[in-house]
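Welcome! Keep the structure open as you go.

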Amino acid sequence: MIRVVVADDQGLIRAGFRSLIDSEPDLEVVGEAGTGREALDVVRAKRPDVVLMDIRMPDGDGLWATEQIAADPGLASVHVVIVTTFELDEYVARALKAGASGFLVKDTEPVDLLRAVRVAVAGEALLSPGVTKRLLDQVVAGRAPVDDSHLAVLTDREREVLRLVGRGLTNQEIGAELFLSPLTAKTHVSRIMTKLAARDRVQLVVIAYETGLVP
């Protein structure tokens with residue numbers, strides 16, 4: 001059973017998310033929060049697998065709460081999926097760098113929200129296409145190219161896998177591209193994350209862009 005916490009300052013949205021999630025046999029909502037501080041408290045108490053985190057909440061917003069969760073070693077198994085408005089908040093890049101595992105717009109289709117929860121637990125990430133482009137534009141805008149010498153720890157195959165992760169491919173798609181099994185692709189991704197000290201695939205996407213692997 002995948003355990004979920006819903007954090008949003010609007011009760012109607014929380015109720016809608018809870019109804020949707022609890023309708024699935026493998027998902028359950030174990031807690032709710034209406035502020036950033038409440039979200040952090042609930043996450044520490046419940047230790048969920050996934051948090052659906054709104055950005056704009058009172059008393060410590062969702063970005064602050066995400067940073068606190070990502071910085072706590074005891075919460076390393078908790079995956080935060082940011083749920084934002086269509087107009088991407090300029091501060092979402094902070095959440096990505098802190099370790100958010102996905103980004104969705106609030107008007108996303110229900111099936112994509114459910115998929116995001118399951119994908120996050122599997123160690124991958126689901127990013128709304130519009131959010132992805134604008135987010136990465138923010139991450140790399142105005143920056144000088146980052147020294148890619150730290151990629152020397154990667155094998156040629158791992159660099160190729162990282163490039164494909166940067167393009168947004170799943171393990172199955174990477175396997176098809178490189179004639180590998182999805183399990184082998186997943187193993188490569190896990191090794192890359194360990195070597196580059198990346199929390200999840202979202203951070204690998206940023207690294208791929210920052211180092212020029214993905215233009």
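A residue counts as buried when its relative accessible area is under 20%, and as exposed when that value is over 50%. The model you see is a predicted one.

**Exercise 1.** Work out whether Arg-14 is buried or exposed, and find which residues are in contact with Arg-14.

*Solution.* 
- Step 1: Locate Arg-14, which lies in helix α1, residues 11-22.
- Step 2: Apply the cut-off. The relative accessibility of Arg-14 is 18%, so Arg-14 counts as buried.
- Step 3: Look around Arg-14. Leaving aside neighbours within four places in sequence, the contacts are Val-6, Asp-8, Asp-9, Glu-32, Ala-33 and Gly-34.
- Step 4: Examine Glu-32, whose side chain makes a polar contact with the side chain of Arg-14 at 3.1 Å.

**Exercise 2.** Describe the sheet and find where α1 packs.

*Solution.* 
- Step 1: Trace the strands. The open sheet has five, in the order β2-β1-β3-β4-β5, with parallel pairing.
- Step 2: Find the edges, which are β2 (27-33) and β5 (102-105).
- Step 3: Follow the twist, which averages 25° from one strand to the next.

**Exercise 3.** How are α8 and α9 oriented to each other?

*Solution.* 
- Step 1: Compare the axes of α8 (171-178) and α9 (182-195), which come within 8 Å and cross at roughly 105°.
- Step 2: Angles of 65 to 115 degrees count as roughly perpendicular, and α8 and α9 are therefore roughly perpendicular to each other.
- Step 3: Name the residues that meet: Asn-171, Gln-172, Ile-174 and Gly-175 from α8, with Pro-182, Ala-185, Lys-186 and Val-189 from α9.
- Step 4: Sort this contact by class, giving four nonpolar, three polar and one charged residues.

Terms used: Residues numbered from 1 in each chain as written. Predicted model: local features only at pLDDT ≥ 70, side-chain atom pairs only at ≥ 80, totals over all residues. Heavy atoms only, no water. Helix = DSSP H or I, 4+ residues; strand = E, 2+ residues; numbered from the N terminus. Buried < 20%, exposed > 50% of the residue type's maximum accessible area, 1.4 Å probe, protein only. Polar contact = N/O pair within 3.5 Å; in protein donor to acceptor, adjacent residues only side chain to side chain. Contact = heavy atoms within 4.5 Å. Axes fitted to C-alpha atoms, helices over the stretch in contact; angles between N-to-C directions. Parallel < 35°, antiparallel > 145°, perpendicular 65-115°, else oblique. Nonpolar A, V, L, I, M, F, W, Y, C, P; charged D, E, K, R; others polar. Pairing = 2+ DSSP bridges.
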